[in-house]
Amino acid sequence: MEYTNGVKLSRHDLLNETNASTAKTTNQGIQASAEQANAVVTSRMTLKVNGQIKELDLDLRTTLLDALRDHLHLTGTKKGCDHGQCGACTVIVNGRRINSCLTLAILQEGAEITTIEGLGTPGSLHPMQAAFIKHDGYQCGYCTSGQICSAVSVLAEIRDGIPSHVSRDLTAKPLLSAEEIRERMSGNICRCGAYPNIIDAMAEVAGSQT
Ligand code: FES
Ligand code: FES
């Protein structure tokens, strides 16, 4: 094939040229999409943490866990799996426990967020914190803030009559049994195996509440 400018192209050359040009266009498209996906979209948000109002400018994709740890420097809340499987990141939102790695910070605007730092202080411990110390409910301590936040919420769930997987009668008030406590705490993993002592700590606080 000969063009008017004198350039000669074989059929093979022409196909190669066409493929190269298509690949270039496709690559540019992919690159543009990747750049678009990586573009950080920030938003101003207001979080209420441990009774204090905090204004933050965050990437909309920031999890509550990362907002607490990396932006508000509340490092008592731990990151274990970052996938909702270990419970280390448990905090209390509007009185109920959640895995803070599984929710976006922006979704918690207007909510009452309580972390381990808001439950008690070294000079004025929450009864659950004191019971964990008394009963040796931890070893390395990595899971402990999540365990304590969960434990506080579990007792509230039982008090409010919320049934669990092991509740025999879904219409009756759940029992404060070791079986109920174990089931409800099963989302909080402790690699040190402090489980029996955690149950003891919770049973003591539950006893003092009933
Ligand atoms: Fe959230 Fe493990 S870090 S559940
Ligand atoms: Fe070490 Fe629970 S105390 S993981």
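Predicted model: local features only at pLDDT ≥ 70, side-chain atom pairs only at ≥ 80, totals over all residues.

Me: What makes up the protein chain, in terms of helices and strands?

Reply: You'll find seven helices and five strands. Starting at the N terminus, the order is α-β-β-α-β-β-β-α-α-α-α-α.

Me: Why is α5 called largely enclosed by the rest of the structure?

Reply: Count its residues: 13 of the 16 in α5 are buried, so the rest of the structure largely encloses that helix.

Me: How do you know that the span of helix α5 is close to the expected one?

Reply: The expected span is 1.5 Å times one less than the number of residues, so that's the value to check against. Helix α5, residues 144-159, has 16 residues and reaches 22 Å from first C-alpha to last, close to the 22 Å expected. After α5 comes Gly-161, with a positive phi near 80°.

Me: Which residues of helix α4 are buried?

Reply: In α4 (residues 127-134), they are Met-128, Gln-129, Ala-131 and Phe-132.

Me: And what makes you put them on the same side of α4?

Reply: They cover an arc of only 165° around the axis, so they sit on the same side of α4. As background, an α-helix has 3.6 residues a turn, so residues three or four places apart point the same way. Just after α4, Asp-136 has a positive phi of about 55°.

Conventions. Residues numbered from 1 in each chain as written. Chains lettered and ligands numbered in written order. Helix = DSSP H or I, 4+ residues; strand = E, 2+ residues; numbered from the N terminus. Buried ≥ 20, exposed ≤ 12 C-beta atoms within 10 Å, placed from the backbone. Arc of directions from axis to C-beta.
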